[in-house]
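Please keep the sequence and the model in view while reading.

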Amino acid sequence: EQVQAVGLDDAVALTGSPTIDLLKIDIEGAEIEVVEGAGADTWSRVRRMVVEYHDLFRPGCRERVARVLQAQGFARVETLPEPSTPELGLVRACRPD
């Protein structure tokens with residue numbers, strides 16, 4: 001089945017909001033493409049982030065997500081692995097106060 005998709009830049013632009021307090025990305029393994037595909041203007045509007053990672057299926061995803069968030073100015077970037085399966089979990093980040 002085919003579905004229409006939009007990138008993060010377009011999704012954020014569609015909100016019409018100058019800032020986004022919390023953005024959660026959970027798209028079952030395609031998170032890294034969305035995170036790496038967003039531009040600096042989009043990231044500058046986001047204050048806090050939560051991104052699911054799937055290193056079990058996409059090795060290196062967690063590190064790539066964390067690297068992008070740090071490069072885009074998120075100061076506190078932390079990994080919250082699932083206790084039973086640490087290859088799955090969340091990357092949480094926020095901008096400096």
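Two strands count as paired if DSSP finds at least two bridges between them. In strand E4, Cys94 is the bridge partner of Arg76. The model is predicted. Its chain holds four helices and four strands, and four strands form an open sheet with mixed pairing.

**Overall fold**

- Read from the N terminus, the order of elements is α-β-α-α-β-α-β-β.
- The radius of gyration of the chain is 13 Å, which agrees with the value near 13 Å that a compact globule of 97 residues would have.
- The C-alpha trace spans about 40 × 40 × 20 Å along its principal axes.
- Of the 97 residues in the chain, 34% are buried.
- Among contacts with a separation of 6 or more, 64% come from residues 24 or more positions apart.

**The sheet**

- The strand order in the sheet is E1-E2-E4-E3.
- The edges are taken by strand E1 (20-25) and strand E3 (76-81); each has a single partner strand, so one side of each is left without a neighbour in the sheet.
- On average, and with direction ignored, neighbouring strands of this sheet are turned by 15° against each other.
- Strands of a sheet pair through backbone hydrogen bonds, in either a parallel or an antiparallel sense.
- E3 and strand E4 (residues 88-94) take the antiparallel sense, with six bridges between them.
- Six residues lie between E3 and E4, and the two strands form a hairpin.
- Helix H4 (residues 61-71) packs on the sheet and touches strand E2 (46-54), E3 and E4. The direction of H4 makes about 170° with that of E2.

**Salt bridges**

- The count of salt bridges comes to seven; three of them are described here.
- Asp21 and Arg48 meet through their side chains in a salt bridge, at 2.5 Å from N to O. Because Asp21 lies in strand E1 and Arg48 in strand E2, the pair ties together parts that are 27 residues apart in sequence.
- Asp21 is partly exposed at 48% relative accessibility, and Arg48 is partly exposed at 37%.
- A salt bridge also joins Arg92 and Glu78, whose closest N and O atoms are 2.6 Å apart. This pair links distant parts of the chain, with Arg92 in strand E4 and Glu78 in strand E3, 14 residues apart.
- Arg92 has a relative accessible area of 37% and is partly exposed; Glu78 is partly exposed as well, at 36% relative accessibility.
- Between Arg62 and Asp55, the closest N and O atoms of the salt bridge are 3.9 Å apart. The cut-off for a salt bridge is 4 Å, so this pair is counted.
- Asp55 is buried, with a relative accessible area of 13%, whereas Arg62 is partly exposed, with 25%.
- Asp55, Arg62 and Glu63 belong to one network, joined by salt bridges that share partners.

**Cysteines**

- How many disulfides does a search of the whole structure find? The search finds zero.
- Cys61 takes part in no disulfide, and the nearest cysteine sulfur, that of Cys94, is 20 Å away.
- Is Cys61 buried or exposed? Cys61 is buried, because its relative accessible area is 1% and the cut-off for buried is under 20%.
- Cys94 also counts as buried, at 15% relative accessibility.

Conventions
Residues numbered from 1 in each chain as written. Predicted model: local features only at pLDDT ≥ 70, side-chain atom pairs only at ≥ 80, totals over all residues. Heavy atoms only, no water. Disulfide = S-S within 2.5 Å. Buried < 20%, exposed > 50% of the residue type's maximum accessible area, 1.4 Å probe, protein only. Axes fitted to C-alpha atoms, helices over the stretch in contact; angles between N-to-C directions. Contact = heavy atoms within 4.5 Å. Rg over C-alpha atoms; globule rule 2.2 N^0.38 Å.
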